[in-house]
Amino acid sequence: AQELTILGLESSCDDTAAAVVRRSGDRGTILSNVVIGQDELHSAFGGVVPEIAARAHAEKIDLAVEAALDQADVALTDVDAIAVTAGPGLIGGVLAGVMCAKGLAAATGKPLVGVNHLAGHALTPRLTHGLRFPYLMLLVSGGHCLFLRVEGAEDFTRLGGTIDDAPGEAFDKVARLLGLPQPGGPAVEACANRVVGTISLPRPLLDRPGFDMSFSGLKTAVLRARDAIVAEHGGLPVALRADLCASFQAATRDVLAEKSRRALAAAPVTAFAVAGGVAANRTLRTALEAVATEAGMPFVAPPLALCTDNAAMIAWAGGERLATGQADDLTLAARPRWPL
Ligand code: KG4
Ligand code: ZN
């Protein structure tokens with residue numbers, strides 16, 4: 001089988017990342033996977049500040065590339081291609097990555113491959129588990145929530161997704177409402193700590209057919225429940241805070257599980273895969289795994305470091321494009337919006 005060594009770059013949100021992946025036939029090996037986070041730069045603002053992110057990406061991307069090549073023990077002249085996230089994402093960050101990749105491609109004469117960030121997430125189960133097409137992918141992160149039927153390296157069908165907030169965003173907002181630290185997902189999960197939620201919260205859009213979801217009303221319901229508790233108790237007792245976290249987590253779980261059940265029944269697929277930071281949540285993961293088992297399908301969840309933003313997935317997706325004979329040239333554009 002043809003062997004390809006690909007350098008990947010990712011800078012579309014708040015992680016500056018570079019990785020080297022080797023692709024032999026349908027199998028991938030991660031030779032290095034460097035992620036430089038920006039949490040401490042944004043934490044004081046309660047969210048990612050695009051200008052700060054763009055400057056940090058521009059400052060750190062060369063360092064990330066150097067470290068990735070160094071850790072992989074691969075020289076730039078020995079890579080077969082340079083893959084880069086060309087969108088969707090915060091345009092300043094995407095541009096920093098695309099400019100760096102163009103410089104490397106121009107200097108070495110290696111092919112440049114633009115990758116859709118969502119395709120990177122969606123193809124990760126092939127890198128980690130050698131998963132075959134077609135499979136159903138649920139991508140749940142701070143910025144995304146969608147069901148994709150993945151039929152080929154560039155063949156995705158969007159079945160549905162959130163019509164407002166992504167679940168990770170909802171976890172982060174709920175954490176803020178309850179005085180818990182950021183990122184909110186792990187904080188809410190820890191606070192819920194296997195408590196059974198008793199506070200009644202809505203399951204938005206569950207009564208409607210299809211695969212669309214909504215999480216912003218759920219967050220508002222948590223706000224109202226919190227205010228009612230504070231009015232009654234003159235504060236938020238620790239036990240009730242845990243109850244609220246558990247109740248919110250259960251509502252999110254019920255929505256994601258039921259919509260997944262429907263998507264699996266509707267899509268002719270052979271496996272159910274998840275990706276995105278929210279897929280780290282144990283309550284959600286257990287429920288999604290049960291849905292797959294019930295449908296008689298394998299459940300595939302990449303290791304957490306490959307569920308969240310990284311460049312190994314970009315290198316892999318770039319290799320999948322390259323293997324089908326496709327590449328870009330130095331006119332490759334950075335795209336803030338780029339539906340699959
Ligand atoms: O994929 P990711 O690292 O970044 C993007 O959004 O692209 O996902 C981050 C999101 C955050 O909103 C974070 O709160 C959420 O994933 N998250 C979790 C958990 N760990 C991270 N949500 C629920 N439970 C968790 N254990
Ligand atoms: Zn992402």
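I began at ligand 1 and looked up its shell of 19 residues, among which Gly142, Gly168, Gly185, Gly277 and Asn281 come nearest (a residue is near if its C-beta atom, placed from the backbone, lies within 6 Å). The model is a predicted one, in which local features need pLDDT of at least 70 and side-chain atom pairs count only at pLDDT 80 or more, while totals for chains, interfaces and linings use all residues. Residues are numbered from 1 along each chain as its sequence is written, and chains are lettered from A and ligands numbered from 1 in the order in which they are written.

By class I found six nonpolar, ten polar and three charged residues in this shell, with Gly counted as polar. Helix H5 (167-177) and helix H6 (184-192) each supply at least two of the shell residues, and H6 gives the most, with four (helices are DSSP runs of H or I with at least four residues, strands runs of E with at least two). Domain 1 (3-130 + 306-323) and domain 2 (135-269) both contribute to the shell, so ligand 1 lies between them; the bounds come from an automatic or database domain assignment.

Strand E9 (residues 272-275) runs parallel to E10 and is joined to it by two bridges, and Phe272 stands opposite Phe299 in E10.

Technical notes. Pairing = 2+ DSSP bridges.
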